Amino acid sequence: MRTRQIIRVVVILAILISNVSCDQISKNIVRQTIEYNEQIGFVHDYLTLTKVENTGAFLSLGNELPNALRIILLIALPVLVMTYGLFFLFTKMNLSRSMLVGISFVLGGGIGNMYDRIIHGSVTDFLHIDFVIFQTGIFNMADVSIMTGMFLILIRPFYKEMNDKLRSL
């Protein structure tokens, strides 16, 4: 049983570290090689790299808040939530694999963006996708981690229900 717990901790740490590392390495490359608001198109301009600094949250929400309120809402509160999330992740032993991986991805992305907020005062965003019928806002790899994690968390009940129905056949 002890070996299983060690493997679980190693898996959680590996997911967290790889998510934060991927995010921070990509942001550092962008900070060093792309000018602000420069646009570099790929795949017929459906994928665009452009560097912006976001002092707010998702889609720049909160950019205009007073500094003290922004610190409380965008740094202090998220740090408390992520601290609880890490505690939950490491202590809750009966999480499904998809829930464990999903929470790890969400926290890894959150840590990456929080690191930027604390160290740089803003979050570096640089990816934009044009899906022809709609476009994304400008985002980063931490946001991809958060969205991937949320997808894994939210899809779990449907996956479980489908498995249960298949087993009952």
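**Before you start**

This is a predicted model, in which local features need pLDDT of at least 70 and side-chain atom pairs count only at pLDDT 80 or more, while totals for chains, interfaces and linings use all residues. Residues are numbered from 1 along each chain as its sequence is written, and side-chain values use heavy atoms, with hydrogens and water left out.

**Stop 1: the whole chain**

Show the protein chain as a cartoon. Four helices and three strands make it up. Helices (H or I, at least four residues) and strands (E, at least two) are DSSP runs, numbered from the N terminus. Starting from the N terminus, the order is α-β-β-α-α-β-α. The C-alpha trace spans about 55 × 40 × 30 Å along its principal axes.

Now colour by accessibility. Of the 169 residues, 30% are buried. Buried means under 20% relative accessible area, exposed over 50%, and partly exposed in between (1.4 Å probe, protein chains only). Next, consider contacts (heavy atoms within 4.5 Å). Among those between residues at least 6 apart in sequence, 63% join residues at least 24 apart.

**Stop 2: I15 in helix α1**

Select I15, which sits in helix α1. Is I15 buried or exposed? I15 counts as buried because its relative accessibility is 13%. Leaving out residues up to four places away in sequence, I15 touches V101, S104 and F105.

**Stop 3: helix α2**

Select residues 67-91, helix α2. Its 25 residues should span 36 Å at 1.5 Å a residue, and its end C-alpha atoms are 35 Å apart, which agrees. The expected span of a helix is 1.5 Å times one less than its number of residues.

Where does α2 bend? Go to P78, where the bend is about 25°. The bend at a residue is the angle between axes fitted to the seven residues ending there and the seven starting there.

Now show side chains for R70, L74, M82, G85 and L89, the buried residues of α2. They pack against α1 (2-33) and α3 (97-120).

**Stop 4: helix α3**

Move on to α3. Its 24 residues should span 34 Å at 1.5 Å a residue, and its end C-alpha atoms are 34 Å apart, which agrees. Just after α3, pick G121, with a positive phi of about 80°.

**Stop 5: helix α4**

Select α4 (141-168). At 1.5 Å a residue, its 28 residues should span 40 Å, and its end C-alpha atoms are 40 Å apart, which agrees. Find R156: a kink of about 40° lies there, shortly before the proline P157. Then pick A142, S145, G149 and I153, which are buried. The cover over the buried residues of α4 includes α1 and α3.

**Stop 6**

Most residues other than glycine have a negative phi. Two exceptions follow.

- N37 lies in the loop between α1 and β1 (40-42). Its phi is near 65°, and N37 is exposed, with a relative accessible area of 56%.
- V132 lies in the loop between β3 and α4. Its phi is near 70°, and V132 counts as exposed at 63% relative accessibility.

**Stop 7: the pockets**

Switch to a surface view. On a 1 Å grid over the protein atoms alone, a pocket is an open set of points where a 1.4 Å probe fits, with protein on both sides within 12 Å along at least five of seven lines; lining residues have an atom within 4 Å of a point. Grid points are joined across faces, edges and corners, and a volume is the space filled by probe spheres set on the points.

Select A57, F58, N113, D143 and I146, the residues nearest the centre of the largest pocket among its 35 lining residues. Its volume is about 940 Å³. The lining divides into 23 nonpolar, eight polar and four charged residues. Ala, Val, Leu, Ile, Met, Phe, Trp, Tyr, Cys and Pro count as nonpolar, Asp, Glu, Lys and Arg as charged, and the others, Gly among them, as polar.

Finish at R4, R8, M93, L95 and R97, which lie nearest the centre of the second largest pocket. This pocket has a volume of about 460 Å³. Which helix supplies the largest share of its lining? That is α1, with five residues.
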